[in-house]
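Please walk through this structure from the whole chain down to single residues. The sequence and model come just below.

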Amino acid sequence: MTVLHAIILNWRTPDMTLRSAEALVAAMAGIDGAITIVDNDSGDGSEDAIARGIAERGWDRVRLLQSGRNGGFGAGNNHAIRAGLPDGRRPDFVYLLNSDAFPAPDAVRALLDHMLAHPRTGMAGSYIHGPDGDPHTACFRFPSVASEFEGAAVTGPITRLLHRHVVPRPIPDQPTRMDWVAGASLMMRQDLLDEIGIFDEEFFLYFEETDLCLRAARAGWQTDFVPASRVMHIGSVSTGMKTWARTPDYWFDSRRHYWRKNHGQLRYLAATGAVVAGSMIARLRGRRAAAPGFTRQLLAHMLTGPRPAP
């Protein structure tokens, strides 16, 4: 029988994490396996609140682990992946769910059925939508120097010229192979993780699932988008991204690490130069594509080392 290890990472959102776990418990009905909630060293009473919530609900297939440090998204999920299932069995699949995401009752089964039917699919992602039902961008191409220029320029003629390099992809209505998919609801084959390894913990937040999907692709595995798996996602609850007045340093650190690790220093410099050039075009057209001070931060991070993670 197929065995699934599902993981939810909590950082200072205990009530929402319990709501997410409640939806996940329902979505895993009839599926063998267990759910691990990892508290990523919240330090705000989250661990006790979640422990009480699990006990009050009588969830015998849900356990809580404390990571002991806030190493970011990848490190927190790695903590649960390394711990494995409570009964010591090896899972066939690992499923990651954001603490502010809520799968439909058949969402996990849809991913699982798809992966069982496609043995070279190493990862599969869901159709993500907001509380209002509007779809969230969840399908992507790998970044390139051309895509960095296009994304910064925010200019119709340039986007049309470079349309094959635009990172966000239209959402298909059928299962489709993608370069990478959103990590808010992501199923991974354990065989894949055994072959290529788990998340690179040098990424504190952002680019870690892009890096993992790229490593999978280079090893001959594919990543698929499965629209039948529907997950409601509030988004940016832990990170506060929707209200950023300034892009945090860890975003730039993750971007630099992704480019230098996967494409080398020269390509990283070219990609950064492409962003600067695209931003200049956007400004000439009276448009702003990023947060205030973004270009200055980008160049500063190109010239200095990583900042300490929060």
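Accessible areas come from the Shrake-Rupley method with a 1.4 Å probe. On that basis the protein chain exposes about 13700 Å², and carbon and sulfur atoms supply 54% of this area. The model is a predicted one.

The protein chain contains 11 helices and 11 strands. Its radius of gyration is 19 Å, close to the 19 Å that the globule rule gives for 310 residues, so the chain is as compact as a globular protein of that length. Along the principal axes, the C-alpha atoms fill a box of roughly 60 × 40 × 40 Å. Among contacts with a separation of 6 or more, 80% join residues 24 or more positions apart. As for charge, there are 34 positive and 33 negative side chains, and the centres of the two sets lie 9 Å apart.

Of the 310 residues, 53% count as buried. The largest nonpolar core has 78 residues, and those touching the most other members are L4, L24, Y95, V108, M123, M187 and M188. What does M187 touch, leaving aside residues up to four places away in sequence? Its contacts are L4, F93, V94, Y95, V108, L111, L112, M115, G122, M123 and A124.

T121 lies in strand 6, which spans residues 121-129. Buried means under 20% relative accessible area; T121 has 0% relative accessibility and therefore counts as buried. Beyond residues up to four places away in sequence, T121 touches H114, M115, R189, W221, Q222 and D224. One of these partners, R189, is 68 residues from T121 along the chain, with 7.9 Å between their C-alpha atoms.

Notes. Residues are numbered from 1 along each chain as its sequence is written. This is a predicted model: local features need pLDDT of at least 70, side-chain atom pairs count only at pLDDT 80 or more; totals for chains, interfaces and linings use all residues. Side-chain values use heavy atoms; hydrogens and water are left out. A nonpolar core is a set of buried Ala, Val, Leu, Ile, Met, Phe, Trp, Tyr and Cys residues joined through side-chain atoms within 4.5 Å. Buried means under 20% relative accessible area, exposed over 50%, partly exposed in between (1.4 Å probe, protein chains only). Contact means heavy atoms within 4.5 Å. Helices (H or I, at least four residues) and strands (E, at least two) are DSSP runs, numbered from the N terminus. The radius of gyration is taken over C-alpha atoms; the globule rule is 2.2 Å times the number of residues to the power 0.38. Lys and Arg count as positive and Asp and Glu as negative; His and the chain ends are not counted. The place of a charge is taken as NZ of Lys, CZ of Arg, CG of Asp or CD of Glu.
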